[in-house]
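Please consult the sequence and the structure alongside the points below.

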Amino acid sequence: MRKKIVGSSWKMHINSFDEASTLAQGIAERLGSEEEVDLFILPAFPLITMTKAMFYGTNIKFGAQNIAVAEKGAHTGEVPVKLVKELECAYVELNHAERRSMYNETDEMTAIKVGLCEQYGLTPIVCIGETSEDIERDRSRMTLRTQILWALENASPAFREQIILAYEPVWAIGQAESASKEYIAKTHKMIRELVKADFNEDLSNKIRIIYGGSVSPETALQLSDVEDVDGLFVGRFGLQAENFEKIVNNFKGESR
Ligand code: PEP
């Protein structure tokens with residue numbers, strides 16, 4: 001049985017301590033005792049310590065939006081995995097489309113970072129997703145398969161079960177609406193089948209696959225009963241505590 005999970009990356013939308021403390025406090029008050037669904041928040045690095053203090057004693061976990069590709073050394077401006085662990089982060093987001101397109105991150109780098117997460121006991125949330133060009137060229141399946149292989153191959157069989165695959169169709173990020181329920185359901189099923197074919201059935205049954213890309217309270221309601229959707233990865237529509245709470249409750253099916 002896969003436990004549902006809902007999380008949000010604040011990206012750089014939240015760029016001040018004031019904003020972060022108001023939002024974290026609101027989320028802690030509304031969702032701090034949530035038990036049915038795992039919850040996580042990924043603030044920008046300098047906000048992690050404050051977010052940690054705000055979530056102290058709650059069931060809400062926190063994490064980082066990235067880590068460096070190396071463990072230590074001359075990597076100016078990067079953040080080492082060891083510090084992320086020492087800050088008591090639980091999760092690390094990897095391979096986001098913005099990291100790939102704006103900062104030239106590659107599949108190989110993601111695989112190395114997954115290995116570092118295993119070494120330091122952090123759960124990677126690995127984003128995968130096709131572009132609109134992939135759809136035009138009829139190569140979405142191939143793109144997703146390649147990304148899944150890189151995400152999982154460098155991990156031990158036991159650790160693979162902990163990795164979270166975040167399916168984020170690149171064309172659905174930052175839009176007014178998410179992809180359609182039918183499209184998401186079909187692609188999540190395909191992702192699970194790819195994991196089964198390239199790894200094994202047990203892993204495909206255990207691995208959590210979450211959807212991200214313009215998730216709103218409406219998306220959450222629509223996806224709450226889709227078998228292969230184990231969670232949601234929320235962006236802009238989770239930047240108000242009330243909205244984030246609505247997304248979580250809708251995904252639990254509470255407003256049905
Ligand atoms: C994202 O890019 O991971 C994301 C979920 O963003 P948004 O919801 O703002 O599209």
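At what angle do helix H1 and helix H12 pack, and how far apart are their axes? In this predicted model, H1 (residues 17–31) and H12 (residues 241–251) pack at an angle of about 35°, and their axes are 8 Å apart.

**Helices H1 and H12**

- The crossing of helix H1 and helix H12 is right-handed.
- On the H1 side, the contact involves Leu23, Gly26, Ile27, Arg30 and Leu31. These residues meet Ala241, Glu242, Phe244, Glu245 and Val248 of H12.
- By class, the contact of H1 with H12 comprises 6 nonpolar, 1 polar and 3 charged residues.

**Helices H7 and H9**

- Helix H7 spans residues 140–153 and helix H9 spans residues 181–198; the two pack at an angle of about 55°, with their axes 10 Å apart.
- Because of this angle, H7 is oblique to H9.
- The H7–H9 crossing is right-handed.
- H7 contributes Arg141, Leu144, Arg145, Ile148, Leu149 and Leu152 to the contact, while H9 contributes Thr187, Met190, Ile191, Leu194, Val195 and Asp198.
- The contact of H7 with H9 divides into 8 nonpolar, 1 polar and 3 charged residues.

**Helices H5 and H7**

- Helix H7 also packs with helix H5 (residues 107–120): their axes come within 7 Å and cross at roughly 30°.
- H5 is therefore roughly parallel to H7, since angles under 35 degrees count as roughly parallel.
- Asp107, Glu108, Ala111 and Val114 of H5 meet Thr146, Gln147, Trp150 and Ala151 of H7.
- This contact of H5 with H7 has 4 nonpolar, 2 polar and 2 charged residues.

**Ligand surroundings**

- The residues surrounding the ligand are Lys11, His96, Glu168, Ile173, Gly174, Gly213, Ser214, Val215, Phe233, Val234, Gly235 and Arg236.
- Glu168 places a polar side-chain atom 2.8 Å from an oxygen atom of the ligand.
- In Gly235, a backbone N or O atom lies 3.2 Å from an oxygen atom of the ligand.
- For Arg236, an N or O atom in the side chain is 2.6 Å from an oxygen atom of the ligand.

Note on methods
Residues are numbered from 1 along each chain as its sequence is written. This is a predicted model: local features need pLDDT of at least 70, side-chain atom pairs count only at pLDDT 80 or more; totals for chains, interfaces and linings use all residues. Side-chain values use heavy atoms; hydrogens and water are left out. Axes are lines fitted to C-alpha atoms, for helices over the stretch in contact, and angles run from 0 to 180 degrees between N-to-C directions. Helices (H or I, at least four residues) and strands (E, at least two) are DSSP runs, numbered from the N terminus. Angles under 35 degrees count as roughly parallel, over 145 as roughly antiparallel, 65 to 115 as roughly perpendicular and the rest as oblique. A crossing is left-handed if the near helix is turned anticlockwise from the far one by less than a right angle, and right-handed if clockwise. Contact means heavy atoms within 4.5 Å. Ala, Val, Leu, Ile, Met, Phe, Trp, Tyr, Cys and Pro count as nonpolar, Asp, Glu, Lys and Arg as charged, and the others, Gly among them, as polar. A residue is near a molecule or strand if one of its heavy atoms lies within 4 Å of it. A polar contact is a pair of N or O atoms within 3.5 Å; within protein, one must be able to donate a hydrogen and the other to accept it, and residues adjacent in sequence count only if both atoms are side-chain atoms.
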